[in-house]
Structure formats: structure tokens, C-alpha cells
Amino acid sequence: MTTVEDRPASPPAEAPRRRPNPLLALLRNSWRQLTSMRTALILLFLLAVAAIPGSVLPQRGVNPENVDRYFVEHPELAPQLDRIGAFEVFGSVWFSAIYLLLFTSLVGCILPRMRDHVRALRARPPAAPKRMDRLPQHTVLESPGAADPQAIAAVLRRRRWRVQVRGNEVSAEKGYLKETGNLLFHTSLVAVLIGVALGSWYGWHGNRLLVADEAFCNTRQQYAEAKLGPRVDSADLPPFCLTLDNFDARFLASGQPESYRATVTVDRPDGSDRRTADFSVNSPLRLGSANVYLLGHGYAPILKYTDRYGRSQTSTVPFLTSGDANLTSEGVAAFPDTNVDPKTGRRDADQQVAFEGLYLPTAPDTAPFVSSRFPEERNPAVVLAAYRGNLGLDAGIPGSVYQLDQRQVTNGKLKQVGDKKLAPGETWTLDDGSKLEFLGTKRYVTLSVRHDPGEELMLGACVVLLVGLMGSLFGRRRRVWFRVTPPDSGSPTGGSSLVSAGGLPRTEHPGFAEEFASLVAAVRDDGRPERRAREGVE
């Protein structure tokens, strides 16, 4: 008869397995994919590709006039591109998304590797393997007398190895610079991204053409082109004013520039704290948080126009260089408020006058007068074409002050009425009795005023990036072990100790065999002078 106690106990019921949360699993896998090095490289490539439209297409923050011109030239394509932010690439949603994903991916890659690297630096070198003859580098050497693991460790420490002695075994490791450099490289990339973000959010810049004896103050309205970061307001611009006192340009006999130097007067808008400062192309003017860079220079002809009623207007007009090394420049001098009848006070809109042409610092002696022979003013001249009619300034269509509205010329509202070459001091009398006199020139400079709060961070990050790159390229992780086998006690002579040595490169290291041989030779030769000293004493 079987009792209850004799019956076999039923197996305990297994606890029900908890099903993993699919949402957590998805998030975990997504995070692992995002923080993989492959994803970081793909995002870096996408960031470079996404920046291409910003280099090909005009950007509103850099040149809004070119953006307006693009809309005129491509009326169907431009609105489509504008919808996807093609004219504001670096502030678009899709570019910012790639930027932030790359930033997150790099941080997610770096933190675990940094944690593991710190652990590896704090850990002791691993124990020697049992079969060192299976290592890529191994040898056995017979020690003259009893070998001392501490002496072997001392030899390794002198060669800057991290050493751990375990009884009759010596473990050593070297080459942490490779992973350290790798981490420095990727951390510097994150710092560069942070610096770019700081410059984009809290930076600002503006461009201004400044003629000699003229002044401008650091306000947004006085810049030809200006862009403020999203976190910057016009009131945040530092208050200062600049007046161009002198510009000195020196050229070699070949026409190549030798040096540029601008002299300006710096003061506050209220006229206080006035001082004089010099700066050049490679030495910008530092004004607190703003840096003033010298970008270019040129000439501004001074033209005096007297209309048919005897009223005169004088205009100093900067002529922009056309890329010619000899500073051949082109520009327009417009006089829209002329030919006003003194009796009726009326101005005929079809009697506006403008002069378009070239300025030659060193004009040739004979025609054609199309380019300068030298960048200095050795034989200055202007070659102008006179236009009379409606300049189109009242049409409300944005245009350039350095070019005529060719649409007015095409539709016949603006007609050419003559052309002439003038030297300084010469006068040109037009068909209606009005006159144009070329009085001379003034120098002008083009300035870029900038503030970038991330530039110091980016500079330091780039230096560390290069240092880290060198470390990651030239650092080699490797390990060596030495095991001392004591002499056989049964030997009548006492025998000699055997030292087994092995080496393992953790990364590809073509010169490891030579380094291992040199290390073994240093360990073998370390005891010889000591033994000779003992024999001499005995």
C-alpha cells in the first residue's frame, strides 16, 4: 500500500516568463543602432551631403539679393526649393535633424567606450597564459643564475610598460595611447559640433563697404549684409563706430600685393573713448567681443554732375573690382534728383541721369580702355557711358546700387546718350548742356565684423582632434609576459633558471617582432653585470 508520503513529489511549477515590453525592446534596439559607429559615419556623410545645397544655392543669411534674383530667374523652381528650406539650409529642420542625430550618436558611442577605457586603465595586466608557445611571439632563454621577477619588472618599467608581478610571473601591457587618442578624436568632434552650434545660435556677422573719411556704427541698419543668430537681438551688438582715416596698399613690381594696412578711428556712438587703430588682412581689429576683418579694397571715383539748370551734385561712388588683379573696377553713378525746373519745381522722371562704366587705376595710353595695367593709381581714368531716362527707382523692385536696371534699357525707358574717357580734373559736356566732372578718387575697404562665441572652443577642439588622431594612428596596444622557472633542485650543479617570454599585439603592429626581441635582449642582459660583480667579490 502506497502512502501519501511515498508518492513522488510533483515538480514545482515554473514561474511564468515575463514577456518583454515591445516598446522598450524597440527603443533599446533603436538606441543601439543609433550609437553604433557605422551609424555615426553614415550621419557624418549625410551631413556633408546636406551641406552641398548651402554651397550651390544662394542663402538668405549670406546674400539675400542673390536669393531675390534667383526667384526672378527661376519663378517656378524657386518656390519649390523655398518650401524645403533650400535657401536657408543650415537653419532648416532636416539639416538640424541630421546635426542632432550625429551629435547624439557620437555621445552614445563615446560614453560606453570611455567607461570601458577607464576600467582598462585601472585594471591590472592579465595573467600569463599557460601555453606561451602559442603566442605570436615567444622564446625561452636560459638565465645565468637565479632570475628575479622583480628585476624583469624593473626593466619593463624603465621602458614605460605597465607591470604586474604575480609570484614567478611578470605581466606587462602598453599602448593605451591608441584608445585614448581615439576617444580624444571623437570627443573633439562633439566639441566642434558644440562650437558650431554656439556660433550659429549666439554669433552674428555683418559686411560693410567703408569709404575713406566716412564712418559707420555697429548697428544692423548700417550693414550692407547682416545676419544675427536666433539668440541675438540688435540691442546685443556692442556699441562702437569706425571711421576710415587711411588705407595703405603696397605692391611689387609685378603688381602682386605686398601689404595692406587700414587706419581707423574707433569711438563710441556718443563720441567718447576715441582712439586710433591699425589692422591688416591677417591681423584683425579686436573690439571686445567683435572682430573686424579686412576683406578687400578699391577706389571710389568722385563725380560732380551739373544739370542743364546749373544745379550741381557731387557723389563719391565705390566701383567694385571685377576680379582683375590690377583692380579694374566697374560701377554706376546715379543722379535721380536732377533736371528740376526752378520755375515749376517739377522733376521730369524721364530726365534722370546715370553714368555706368569702368575705373582704371593705370589706364593704357591707347584704346581699348578695358583694363588697368597696374593696381596703383599711376594713370587713373574713368570710362563712362551716360544714360538718360527713367532709372526705374520708383518701381519698387529691389536692385543693386552698383548696376543699372537693364530692364529699363531693354524696354527703351533708359537710353545711352554718349560715352567718354575722363582723367582727374577733366569735364564732359553732354548733348543737353549738362556737365560731368571727374574730381579724383578716394580709397575704400570692405569689412567683415564678426562675433563667434564658439571659435575658441572649436580651435581648442581642432588641436585636440589632431593630437588624438596622431595617437590613434601611431599607438599600438600590446602585451608581454615572462615566467621564471626555478632551477631543478636535483641537479648536481644547481642548474639555471629558465625564463619563458611571450608577446601578443592587440592591434596590427608590423614592428612588434623587433620590439619583442629588443625587450627580451634587455631582460637577458640586465643580470650580467650583477653576476660579474658577485663573482669578483667571491
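1. **Strand β11 and its partners.** N291 stands opposite R450 in β19. β11 and β19 pair in the antiparallel sense over 15 bridges; strands count as paired if DSSP finds at least two bridges between them. Helices (H or I, at least four residues) and strands (E, at least two) are DSSP runs, numbered from the N terminus. The model is predicted: local features need pLDDT of at least 70, side-chain atom pairs count only at pLDDT 80 or more, and totals for chains, interfaces and linings use all residues. Residues are numbered from 1 along each chain as its sequence is written, and side-chain values use heavy atoms, with hydrogens and water left out.

2. **Two hairpins on β11.** β10 and β11 pair antiparallel over three bridges. Within that pairing, L285 has V292 in β11 as its bridge partner. Two residues separate the strands of this hairpin, and G288 takes a positive phi near 65 degrees. β11 also runs antiparallel to strand β12 (residues 312-316), with five bridges joining them. Here the bridge partner of I302 is T316 in β12. The β11-β12 hairpin has five residues between its strands, and G310 in the turn has a positive phi of about 90 degrees.

3. **Burial.** How many of the 17 residues of β11 are buried? The count is 14, so β11 is mostly covered; buried means under 20% relative accessible area, exposed over 50%, and partly exposed in between (1.4 Å probe, protein chains only). Across the 538 residues of the protein, 38% are buried.

4. **Main core.** The largest nonpolar core has 28 residues, with L242, L285 and L447 making the most contacts inside it. β4 (204-211), β7 (241-251), β8 (257-267), β9 (275-279), β10 (285-287), β11 (290-306) and β19 (435-451) each give two or more residues to this core. Its largest share, five residues, comes from β7. Apart from this core lies another of 21 residues, among them L141, A147, V155 and V480. A nonpolar core is a set of buried Ala, Val, Leu, Ile, Met, Phe, Trp, Tyr and Cys residues joined through side-chain atoms within 4.5 Å.

5. Contact means heavy atoms within 4.5 Å. Leaving aside neighbours within four places in sequence, L447 touches residues including G206, L210, F216, L242, F279 and V292. Among contacts in the protein between residues at least 6 apart in sequence, 65% join residues at least 24 apart. The overall secondary structure comes to twelve helices and 21 strands.

6. **The open sheet.** Five strands form an open antiparallel sheet in the order β13-β14-β15-β16-β17. β13 (320-321) and β17 (414-422) stand at the edges with a single partner strand each, so one side of each has no neighbour in the sheet. β16 (residues 381-389) pairs with β17 over eight bridges. R388 has K415 in β17 as its bridge partner.

7. **Second largest pocket.** This pocket has a volume of about 1100 Å³. Its lining has 45 residues, of which F90, G91, G199, S200 and K227 lie nearest the centre. Elements giving two or more residues to the lining include α6 (93-122), α8 (177-202), β6 (225-228) and α10 (455-474). α8 provides the largest share, seven residues. By class the lining has 21 nonpolar, 16 polar and eight charged residues. Nonpolar here covers Ala, Val, Leu, Ile, Met, Phe, Trp, Tyr, Cys and Pro; Asp, Glu, Lys and Arg are charged; the others, Gly among them, are polar. On a 1 Å grid over the protein atoms alone, a pocket is an open set of points where a 1.4 Å probe fits, with protein on both sides within 12 Å along at least five of seven lines; lining residues have an atom within 4 Å of a point. Points are joined across faces, edges and corners, and the volume is the space filled by probe spheres set on them.

8. **Backbone points to check.** A cis peptide bond joins A367 and P368, with omega about 5 degrees. P368 sits in the loop between β15 (352-360) and β16. R160 has a positive phi near 65 degrees and is not a glycine; R160 lies in the loop between α7 (149-158) and β2 (162-166) and is exposed at 73% relative accessible area. D213, also not a glycine, has a positive phi of about 70 degrees. D213 lies in the loop between β4 and β5 (215-217) and counts as exposed at 55%.

9. **P238.** Beyond four places in sequence, P238 contacts W204, N218, S289 and A290. Its C-alpha atom is 9.5 Å from that of R268, 30 residues apart along the chain.
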